[in-house]
Amino acid sequence: MRSKRPSFIARVFKPFFHVARHALYQPVTHKYPFERIRGYPRTRGFITLNMDTCVGCGVCAHICPDKAIKMTVVEGKPYTYPSFDFGKCCFCGLCVESCPTESLKTTDIVELASFEYSGLVYPPDKLKEPDLKRLLPQMKYELKTAISKNKGPYYIRRRVR
Amino acid sequence: MDMTDLTYLLEILLFPGLGFILGFVVFAVWYQRKYLARLMIRMGPVHCGKVLGWLQLIADALKLISKELIVPEAVHKKAFIVVTFLLPTVPAAMVALIPFAKGLVIFNAYGFNLILFFAISTLYPVLSVLKGWAANNKFTVVGAFRIIYMDIAGEIPIVLSALGVMLWAGTYDLQEIIELQREVWFVFPQILGFVVFLIAYLAMIEKIPFDIPVAEPELVLGPRTEYSGAFFLNTMLADYVNILAWTLLMISLYFGGYLGPSITGNPWIDGSIWTLIKLLIAITIVFTVMISYARLRIDQAVRLGWNYLIPLSLINIMITIFVKYIVLGGAI
């Protein structure tokens, strides 16, 4: 059944006040290099490795669809450990899911751009959560999304430096 | 040169004159971009200038001025160049007739300011049509003809609704009309006329929902399509000065013009401040209307003008005559 057509007054005035209310809202855009939205939990970004719990089973390298993981020897450590080539990685997260000891974890960091290809290849001892200060030196605020009933979506700002 | 001559020169060059008009255009473009961005929950210009991107417009203007002046081969060269420089002067002449405070008006037409305002305003569409015709392009010519349509849809109701105010006030002088609003603004006794004036005003300033001549998805930029660089800047300037002139007229006719509680004690400064405050509120409402509604088709706009606005404004005139001369006996 067709819904009833709104009245003339509603058709004329409703859009005006609906739009005018948006003047009270905060902009949803943000100044990216200066402000950065904190990623949601389970965002699939940079992958970290805990070398103390890793047993070097190689499941991650076996399951990787892009063959971005290679098992490499680290001096002074008993096993072979995965090294990541983020130039090949498609961030599918299969390695993290299949890791039997949960040594691999995803983070929300996606700022991995590098001037050289070798900058994208991370040996096992470098697979620690990278420093955002180094990756985004301009960043001043970290944002967290929130929503309010009256004012719509907005950001909670936290000054980083 | 005595003091009155110097004051008059400053009036022409600075406050209600050239400086104010150019300043208003810069402010209005910036305000439009910033305010519309807020209504769309965006930010608008941000990076140029430390605060609120205020340098963006100056950068844009400098960019446009420093561009190469391109005059296409097939255009009427003289008209193409002259019209763009002539166009902003017409609405600027309209602004010169508006009183900004008691006695603060650039050209006092001895009690015929309102009539002269409408007389000059008829020149603007003529020059706009010439602008479209001179460029000799499909889009510009179609845009020019749409300007004529919009003009016959908007100008007659706007003059007829202003006639209601003239009858109610019993004068053609804008300053006297404003002075008569000391007790009650004319928007209340002339509410029907105001509604007609508001809709016709939106048609006259050619903004959405009546930006039919410049319908971007259909006509690129309408009559302005072929203009680039400084020519484009001039046509845009003319657009915003046109908005300024009609908005000032609306404020003067219906919202008490420069009247308001005293702030500084100096009547000229008070009047100017109140005019500017009312101007800001009016253009805020215009910009809100701009993004609230969809564009009308040309036939819808002309039908709105002829089928509804003109009869309503005639009814308004009859009501005005009846109430003023029969109910109130000739005094308001």
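Trainee: Why does Phe91(A) count as partly exposed?

Mentor: First, a reminder that this is a predicted model, in which local features need pLDDT of at least 70, side-chain atom pairs count only at pLDDT 80 or more, and totals for chains, interfaces and linings use all residues. Residues are numbered from 1 along each chain as its sequence is written, while chains are lettered from A and ligands numbered from 1 in the order in which they are written. A residue is buried if 20 or more other C-beta atoms, placed from the backbone, lie within 10 Å of its own, exposed if 12 or fewer, and partly exposed in between. Phe91(A) is partly exposed because its C-beta neighbours inside 10 Å number 15.

Trainee: Thanks! Where is Phe91(A) found?

Mentor: Its backbone is worth a look, as Phe91(A) has a positive phi of about 55 degrees although it is not a glycine. Helices (H or I, at least four residues) and strands (E, at least two) are DSSP runs, numbered from the N terminus. In those terms, Phe91(A) is found in chain A, in the loop between β4 (80-85) and α3 (94-98).

Trainee: And is Glu102(A) buried or exposed?

Mentor: Glu102(A) lies in the loop between α3 and β5 (104-106) of chain A, and this non-glycine residue also has a positive phi of about 55 degrees. With 11 C-beta neighbours inside 10 Å, Glu102(A) counts as exposed.

Trainee: Moving to chain B, how far does helix α7 reach from its first C-alpha to its last?

Mentor: Helix α7(B) covers residues 123-135, which makes 13 residues.

Trainee: Which residue just after α7(B) takes a positive phi?

Mentor: Within the helix, Tyr124(B), Pro125(B) and Lys131(B) are among the buried residues. Just after α7(B), a positive phi of about 55 degrees is taken by Asn136(B).

Trainee: Which peptide bond is cis, with omega near 5 degrees?

Mentor: Look in the loop between α10 (191-204) and α11 (216-219) of chain B, where Pro209(B) is found. The cis bond, with omega near 5 degrees, runs from Ile208(B) to Pro209(B).

Trainee: Last one: at roughly what angle do the axes of α8(B) and α10(B) cross?

Mentor: Axes are lines fitted to C-alpha atoms, for helices over the stretch in contact (residues whose C-beta atoms, placed from the backbone, lie within 7 Å), and angles run from 0 to 180 degrees between N-to-C directions. Residues that meet here include Met150(B) in α8(B) and Phe197(B) in α10(B). The axes come within 8 Å and cross at roughly 145 degrees.

Key: Expected span 1.5 Å × (residues − 1). Contact = placed C-beta atoms within 7 Å.
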